[in-house]
Amino acid sequence: AFIAAFKAQTAFPITINAPKLKPGEKFVGVILSADDSRRHALILLPGEIEDANWKKASEWATRQGGELPDRVEGALLFATLQDEFEPELYWTREQHAGLDDFAWCQYFSYGHQNYGTLKYNRCRARAVRRLAI
């Protein structure tokens with residue numbers, strides 16, 4: 001009965017048009033949250049900044065026309081476009097929930113994320129933009 005009920009479920013496929021990319025941009029993938037609060041295509045912007053603290057990296061990403069990726073997007077970037085990154089720490093836009101002086105980073109060597117990075121430390125950063133779907 002369980003298998004029959006599973007087979008009877010109706011799936012609702014989501015189709016999106018391929019996003020229009022500007023020169024140097026790369027399509028990363030789609031973020032869909034279970035609660036439907038997030039539905040967007042993610043685009044990696046060209047270029048990167050090296051040796052930047054969190055504030056400087058955030059400001060740089062804004063000047064590029066995007067922002068730093070969040071932690072979910074960082075994991076997706078590692079899974080899909082790891083070869084676009086040096087095997088080092090990259091800032092995310094997420095600050096530590098309980099410690100104002102810390103922010104999260106995505107490590108592009110092994111894929112783990114680090115919440116213990118002081119915002120004044122110097123890491124790399126890439127910018128992303130989002131297209132609502």
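This is a predicted model: local features need pLDDT of at least 70, side-chain atom pairs count only at pLDDT 80 or more; totals for chains, interfaces and linings use all residues.
Visitor: Let's start inside. Which residues touch the most other members in the largest nonpolar core?

Guide: Those are Ala57, Leu68, Trp91 and Ala125, out of 14 residues in that core.

Visitor: And which helices or strands each supply at least two residues of this core?

Guide: There you'd list β3 (49–52), α2 (54–63), β5 (102–107) and β7 (123–125). Helix α2 gives the most, with four residues.

Visitor: What does the second, separate core include?

Guide: That one has twelve residues, including Leu42, Leu77, Leu81 and Phe108.

Visitor: New topic: Thr92. Where does it lie?

Guide: Thr92 is part of strand β4, which covers residues 89–95.

Visitor: Does Thr92 count as buried or exposed, and why?

Guide: Thr92 counts as buried because its relative accessibility is 1%, and the cut-off for buried is under 20%.

Visitor: What does its side chain reach?

Guide: The Thr92 side chain reaches the backbone nitrogen of Glu94 at 3.2 Å. A polar atom of that side chain also lies 3.0 Å from the backbone oxygen of Trp104.

Visitor: Which residues is Thr92 in contact with, leaving aside neighbours within four places in sequence?

Guide: Among them are Trp54, Leu68, Asp70 and Cys105.

Visitor: Okay, backbone angles. Which residue has a positive phi of about 70 degrees although it is not a glycine?

Guide: That's Asp36, in the loop between β1 (26–32) and β2 (39–44). Asp51 has a positive phi too, about 55 degrees, and is not a glycine either. Asp51 is found in strand β3.

Visitor: How many salt bridges does a search of the whole structure find?

Guide: The search finds 13. In one of them, Arg124 pairs with Glu48, and their closest N and O atoms are 2.2 Å apart. Arg124 sits in strand β7 and Glu48 in the loop between β2 and β3, so the pair ties together parts 76 residues apart in sequence.

Visitor: What about the salt bridge between Arg124 and Glu88? What's the N to O distance?

Guide: It's 3.0 Å. Glu88 lies in the loop between α3 and β4, so this pair with Arg124 links parts 36 residues apart in sequence. Arg124 is buried, at 11% relative accessible area, while Glu88 is partly exposed at 36%.

Visitor: Which residues do salt bridges that share partners join into one network?

Guide: The network is made of Arg38, Glu67, Asp70, Glu73, Arg93 and Arg130. Within it, the side chains of Asp70 and Arg93 meet at 3.4 Å, N to O.

Terms used:
Residues are numbered from 1 along each chain as its sequence is written. Side-chain values use heavy atoms; hydrogens and water are left out. A nonpolar core is a set of buried Ala, Val, Leu, Ile, Met, Phe, Trp, Tyr and Cys residues joined through side-chain atoms within 4.5 Å. Buried means under 20% relative accessible area, exposed over 50%, partly exposed in between (1.4 Å probe, protein chains only). A polar contact is a pair of N or O atoms within 3.5 Å; within protein, one must be able to donate a hydrogen and the other to accept it, and residues adjacent in sequence count only if both atoms are side-chain atoms. Contact means heavy atoms within 4.5 Å. A salt bridge is a side-chain nitrogen of Lys or Arg within 4 Å of a carboxyl oxygen of Asp or Glu.
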